[in-house]
Amino acid sequence: MKPLRWFQSLRTQLIVFFMIISVVVLSAASYYLYSFMLGMIKEQNERLLFQQFQQLDHNISGLFSDVDRLQKLFLQDEDMQALLLNLSEKSELEFLNYKNMLHDHITRFIGNYGYVHSIYVTAENQGAVGGSGDTTLVHSVEAWSQSFFASEPYRKSQELYPGIVIEGGMTKSFYNPYMTGANDGALVSVLRGTRAISDPRISATLIFNIDERYLASVYSASLDADDGEMYIADADGTILSASRPERIGTQGPALPDEGVSDAQSAYGSYDDFVDGERVQIVYFRLQDTGWYILREIPLDAFSAQIYAVQRMIVLVFLISLLAIFIVSYFWLNKMIRPLHLLSGKMKDMSRGELGVTFHEVPNNEFGTVIRRFNEMSLSMVDLIDKNNAMQEQKRELEIEALQYQINPHFLYNTLNSVRWMASIIKADNIVETIVALGNILRPVFSNKDPMCTLQDELHYLQHYIKIINIRFNNRVQFDIDVDEPLLACRVPRFILQPLVENSIQAGRQAEDHEIRISIVAEPSGGDLILRIIDSGAGLEPDRLEELNRTLEVGESRAPSGGGSGIGLHNVNKRIRLYYGAAYGLHFESRAKGAEVVVRVPSSCA
């Protein structure tokens with residue numbers, strides 16, 4: 001229990017929470033600093049690599065442009081033109097007679113251009129002839145058709161004539177089956193369909209093969225082993241050339257999807273794990289081939305410096321945290337003392353000791369709190385005195401109001417006397433009026449409940465109509481269309497009479513002799529809708545819109561030429577006070593007459 005009681009001290013809680021917050025801030029700041037510096041280094045490295053990749057793209061593009069130029073030069077030789085002319089009509093023996101000429105031609109080209117590994121000339125009905133500088137190979141039609149003529153590179157070379165097709169992932173053994181094992185290796189083939197200058201038909205395919213090691217030297221010559229790896233992959237992610245030959249032919253990291261933007265697919269970077277090591281992968285799309293050149297950079301290569309800075313920051317934070325703890329311990333003791341005193345005074349107030357105050361007020365934020373406490377304590381005493389005075393005044397006003405109330409028994413006796421005198425002189429209309437008036441006044445004095453059933457409200461309205469018809473010689477026709485279950489719904493008392501009175505005033509302005517007023521009740525969701533429809537002159541659209549706007553904002557204006565509008569306003573205000581702004585009155589347009597809609601919540605028993 002003692003350790004728990006010790007922790008309940010506000011001073012201890014402040015120190016502990018301060019230490020926890022400091023540790024959280026330290027951890028978050030260290031992580032943020034590490035991430036920020038790592039991101040900054042990666043971004044800087046990415047910008048440098050972008051420039052390097054642009055240069056490499058230019059160099060690789062220049063290499064393939066040189067091969068394109070060499071192929072055209074190779075084909076301009078007179079012996080080559082003689083071979084290509086009507087090649088499809090030459091026999092296989094005639095085609096093989098050009099073997100020595102081709103070998104000399106190939107040897108001369110490869111000797112002058114060291115990056116060309118081998119050259120082959122092939123035709124569908126002749127097979128293939130070619131080789132490297134020290135080997136010559138002749139493929140028969142049968143053997144060559146199974147491997148080359150059915151391949152995708154050959155089909156592209158025919159479709160894209162006279163352009164070149166650059167195909168990676170080829171091997172020396174594909175062209176020369178005798179080059180296996182250590183003699184085998186990866187090639188990049190540059191193919192083009194070709195023909196004799198005077199022959200309109202494509203008669204052969206010329207293939208220049210570039211050793212993959214030469215292509216790798218173009219982009220990885222200055223790459224150190226600790227700097228990561230570089231390689232070229234096709235759009236499917238298959239590695240075609242790499243700084244480490246054993247990775248050729250394997251599947252590389254993920255490349256951008258086809259759905260991303262051109263900018264994202266052309267260049268970017270992301271982090272990934274390769275062989276259990278976290279690396280940054282930077283990719284760049286080569287323009288001529290659609291291949292990607294990629295660079296894998298181990299994050300450990302530039303995280304050592306970040307860790308050193310981070311360790312220094314952690315050390316500084318820990319020393320600062322210790323110093324803050326020592327200083328805050330003594331400072332919090334001094335700061336908490338006014339709170340202890342304030343807590344004691346508040347306990348005194350909870351025991352009923354009103355008006356307690358501080359005599360010594362410190363000159364700081366706690367002083368502001370204590371001054372407000374003194375003001376609150378004194379104001380509570382003053383408020384209690386004022387409240388007692390207001391209660392006494394309210395009691396006196398209620399007594400005075402009772403003295404001015406009309407005695408309902410005196411009023412009923414007076415009405416009975418008038419009715420008795422009217423009966424003597426046989427004034428039946430006066431008798432009916434007095435009876436109806438008594439029925440109207442009875443619920444005012446006998447029932448203080450502000451709510452009543454819809455049935456009671458309609459009975460009250462019928463007494464009112466009876467008095468009105470005596471006045472207007474039975475000109476008012478009153479129709480009620482209410483289903484029996486709705487009669488039990490409770491509504492605010494006396495909300496229909498002002499609306500009917502307004503309809504009568506509007507009906508008097510119409511040319512019709514009779515005034516017809518209909519009341520319709522219908523349920524709507526969880527609400528009760530009451531419609532009061534008259535046969536009066538109706539409302540103009542502008543006037544209807546203005547009237548609905550004034551009811552919405554709660555203003556009191558005359559709804560038509562014959563009414564004051566005060567009754568409408570009072571009914572609308574009472575409904576909103578009872579149920580809220582979603583309920584009240586609303587006028588709807590009609591071809592003839594006016595229609596006011598009353599919306600209240602449905603509360604049927």
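**Figure 1. Ile 532 stands opposite Val 596 of strand S18 in the predicted model.** The two strands concerned, S16 (residues 527-534) and S18 (residues 595-601), pair in the antiparallel sense over 7 bridges. They belong to an open sheet of 5 strands with the order S13-S15-S16-S18-S17, in which the pairing is mixed. Strand S13 (476-481) and strand S17 (584-588) form the edges, each with a single partner strand, so one side of each has no neighbour in the sheet. From one strand to the next, the twist averages 20°. Helix H16 lies across S13, strand S15 (515-524), S16, S17 and S18, and runs at about 140° to S15.

**Figure 2. A salt bridge connects Asp 527 and Arg 599.** The closest N and O atoms of this pair are 2.9 Å apart. Asp 527 lies in strand S16 and Arg 599 in strand S18, so the contact ties together parts that are 72 residues apart in sequence. With a relative accessible area of 13%, Asp 527 is buried, whereas Arg 599 counts as partly exposed at 31% relative accessibility. Elsewhere, salt bridges that share partners join Glu 229, Arg 244, Glu 246, Arg 247 and Glu 296 into one network.

**Figure 3. Strands S8, S7, S11, S10 and S9, in that order, form an open sheet with antiparallel pairing.** Strand S8 (239-242) and strand S9 (267-274) stand at the edges with a single partner strand each, so one side of each is left without a neighbour in the sheet. Neighbouring strands are turned by 30° against each other on average, direction ignored. Strand S7 (residues 229-233) and S8 are joined by 3 bridges and run antiparallel; within this pair, Ile 232 stands opposite Ser 241. Helix H9 (residues 212-220) lies across S7, S8 and strand S11 (292-298), at about 65° to S8.

**Figure 4. Gly 237 occupies the loop between S7 and S8.** At 2% relative accessibility, Gly 237 counts as buried. Its C-alpha atom is separated by 5.2 Å from that of Gly 252, 15 residues apart along the chain. Leaving aside neighbours within four places in sequence, Gly 237 is in contact with Thr 250, Gln 251, Gly 252 and Leu 255.

**Figure 5. The hairpin of S9 and S10 has 2 residues between its strands.** In this hairpin, Asp 275 takes a positive phi near 55°. S9 and strand S10 (residues 277-285) run antiparallel and are joined by 8 bridges; the bridge partner of Tyr 267 in S10 is Phe 284. The side chains of Arg 278 and Asp 271 meet in a salt bridge with an N to O distance of 3.3 Å. Arg 278 is partly exposed at 37% relative accessibility, and Asp 271 is partly exposed with a relative accessible area of 29%.

**Figure 6. Arg 192 and Asp 68 form a salt bridge with closest N and O atoms 2.4 Å apart.** Arg 192 is located in strand S5 (residues 186-194) and Asp 68 in helix H2, so the pair ties together parts that are 124 residues apart in sequence. Arg 192 is buried, its relative accessible area being 6%; Asp 68 is also buried, at 19%. A search of the whole structure finds 21 salt bridges.

**Figure 7. Phe 17, Ile 20, Ile 21, Val 24 and Val 25 make a nonpolar surface patch of about 460 Å².** Val 25 lies in helix H2 (residues 10-75). With 45% relative accessibility, Val 25 counts as partly exposed.

**Figure 8. Two backbone features are shown: the peptide bond of Tyr 161 and Pro 162 and the phi angle of Phe 494.** Most residues other than glycine have a negative phi, and most peptide bonds are trans. The bond joining Tyr 161 and Pro 162 is cis, with omega about 10°. Pro 162 is placed in the loop between helix H7 (152-159) and strand S4 (165-171). Phe 494 has a positive phi near 65° and is found in the loop between strand S14 (490-492) and helix H16 (496-508). Phe 494 is partly exposed, with a relative accessible area of 21%.

Note on methods: Residues numbered from 1 in each chain as written. Predicted model: local features only at pLDDT ≥ 70, side-chain atom pairs only at ≥ 80, totals over all residues. Heavy atoms only, no water. Pairing = 2+ DSSP bridges. Helix = DSSP H or I, 4+ residues; strand = E, 2+ residues; numbered from the N terminus. Axes fitted to C-alpha atoms, helices over the stretch in contact; angles between N-to-C directions. Contact = heavy atoms within 4.5 Å. Patch = residues over 30% accessible without salt bridge, like charges linked within 9 Å, V, L, I, M, F, W, Y side chains within 5 Å. Areas by Shrake-Rupley, 256 points an atom, 1.4 Å probe, with all protein chains shown as cover. Salt bridge = Lys/Arg side-chain N within 4 Å of Asp/Glu carboxyl O. Buried < 20%, exposed > 50% of the residue type's maximum accessible area, 1.4 Å probe, protein only.
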